[in-house]
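Take a moment to look over the whole fold before going into detail.

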Amino acid sequence: MTTRSPTLTTRHIVYLIVSAAAPLSAMAGTVPLAFAFGNGAGVPAAFVLTGLVLLCFSAGYAVIARRTGGHGGFYSAAIEGLGRPMGVVSGYVAVAAYNLATIGLLGAFGYFTSLVLADHGTHLTWWVCALAGAAAVGWLGYREIGSGARTVAVMMVGELAILGALDVAVVVRDGIPSALPAASFAPHEVFGPGFGVSVMFAAISFIGFESAALYGKEARDPRRSVVRATYAAVALITVFYALTSWIAVGALGVGEVREEAGRQLGGLFFALTDTYLGSAAGTGMQIMLCTSMFAATLALHSAANRYAQTLAGDGLLPAPLAESHPRHASPHRAGLVQTALNVTAVAGFALAGRDPYTGMTTTMLGLGTLGIVALQAAAALSVVRVSRRFGGVSRQRFAAAILSFAGLTVALWLGIDNFALLTGS
């Protein structure tokens, strides 16, 4: 049986990255919290500033991606710039962080899928939905990565389309000056009370963008595809998040956005959709929220598997996990282990009687997020060290790495300082 040749293009990698960021889940889940507890009408600017920091990170990360051949993610980046001991630590943190984030998203998928089904007359407990999701994610993760990329692409297009339709409807009905209030970028709104909280939620919303460097072995042209996909994904996510949150401020009103978001929280965007697009579109958004979480779970599952495979290949995890499927070229054994871990986690939380959202999702996703932001900061520092040790890095990229390290360190500190708000724990 022959080994399948690399199949991923830049477009496929972008699908996986954007799906990991879960645009609809971010808009429906984290933006209302940023409105309510952060800087209110200044949230769009927080997305822009966070996106700029991550674009700086991407510029530096491109140096590492080219040196490592476009694979290995944060593990390879840390080894390249900080040495093998720090690389080993980063590798283990990456495996833990991506697995925790996957488990957290699986809990959210089960919780919201159960609620949506109940609204339409079908009653299934959250853990049944979560186990079904774990099985589907495990099956797609076992197969060739291109099939998973195509699956998440369909889901991603759906969630971007419904949010895009909402944006257009608000602009058409209310007009550009009302839909895009200049006050959102006024300094007193941007840097007002809660600015740090909004930056923290913005950073959470970008989680997964850095995963391009894990697919180098399966990319047709890894040295170019990984870099291009990272730039494209960060730019797309930044523009979409900033624009949609800005239009939401316009729809709610600059003076009312904080209070209204605090009152509706997770129902905010569904209420806006009912108002501007009708109840049928609101129902469609509910369904797409579930598919958005499924796509994000699949993308993070794929990232976790590839970290485990890379570490196993270097003797840091059991050797069988390093094997690729002879036909699908996927890290199938690492995927099976992670699927078993997912099932065990769901069963454990269910048997303990813990709430799937406040007990499983917020805690697991919160811990995973902190780990990933810490890895991003370490990778930015690694770029600085590489440029000092080997040279050949332009002043612009060196400055970008310094800026991104500073910004990501601040984001990490904000995440730790606001962990209770982030997780409710």
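Predicted model: local features only at pLDDT ≥ 70, side-chain atom pairs only at ≥ 80, totals over all residues.

The protein has 18 helices and zero strands. Of its 425 residues, 58% are buried. Now consider contacts between residues at least 6 apart in sequence. Among these, 84% join residues at least 24 apart. Leucine 300 sits in helix α14. Its relative accessibility is 2%, so leucine 300 counts as buried.

Begin with helix α5, residues 84-119, and helix α6, residues 126-142. Their axes are 7 Å apart, and the packing angle is about 120 degrees. Apply the rule from above: 65 to 115 is roughly perpendicular, and over 145 is roughly antiparallel. The crossing of α5 past α6 is right-handed. Which residues of α5 and α6 meet? From α5 come Leu106, Phe109, Gly110, Tyr111, Thr113, Ser114 and Leu117. From α6 come Trp126, Cys129, Ala130, Gly133 and Ala134. By class, this contact has eight nonpolar residues, four polar and no charged.

Stay with Tyr111 for a moment. Tyrosine 111 has 25% relative accessibility, so this residue counts as partly exposed. Tyrosine 111 also takes part in a ring pair. The structure holds seven aromatic pairs. In one of them, the ring centres of tyrosine 111 and phenylalanine 112 are 5.0 Å apart and the planes stand at 80 degrees, so the pair is edge-to-face. Elsewhere, ring pairs link Phe47, Phe206 and Tyr241 into a cluster.

Now move from α6 to its next partner here, α14. The axes of α6 and α14 come within 10 Å and cross at roughly 50 degrees. These two helices are therefore oblique to each other. Their crossing is right-handed. On the α6 side, the contact uses Gly133, Ala136, Val137, Gly138, Leu140 and Gly141. On the α14 side, it uses Phe294, Thr297, Leu298 and His301. The classes here are five nonpolar, five polar and no charged.

Next, follow α14 to α15. Helix α14 covers residues 279-313, and helix α15 covers residues 332-352. Their axes come within 9 Å and cross at roughly 125 degrees. That makes α14 oblique to α15. The crossing is right-handed. His301, Ala304, Asn305 and Ala308 of α14 make the contact with Ala334, Gly335, Gln338, Thr339 and Asn342 of α15. Three of the contact residues are nonpolar, six are polar and none is charged.

Asparagine 342 lies in α15. At 1% relative accessibility, asparagine 342 counts as buried, because buried means under 20%. What does asparagine 342 touch, not counting residues up to four places away in sequence? The list is Thr102, Ile103, Leu106, Ala134 and His301. Leaving aside neighbours within four places in sequence, threonine 339 is in contact with Ala134, Gly138 and His301.

Finish with helix α13, residues 268-277. Its buried residues are Leu268, Phe269, Phe270, Leu272, Thr273 and Tyr276. After α13 comes glycine 278, and its phi is positive, near 100 degrees.

Methods:
Residues numbered from 1 in each chain as written. Heavy atoms only, no water. Axes fitted to C-alpha atoms, helices over the stretch in contact; angles between N-to-C directions. Helix = DSSP H or I, 4+ residues; strand = E, 2+ residues; numbered from the N terminus. Parallel < 35°, antiparallel > 145°, perpendicular 65-115°, else oblique. Left-handed = near helix turned anticlockwise from the far one by under 90°. Contact = heavy atoms within 4.5 Å. Nonpolar A, V, L, I, M, F, W, Y, C, P; charged D, E, K, R; others polar. Phe/Tyr/Trp six-rings, centres within 6.5 Å; stacked < 30°, edge-to-face > 60°. Buried < 20%, exposed > 50% of the residue type's maximum accessible area, 1.4 Å probe, protein only.
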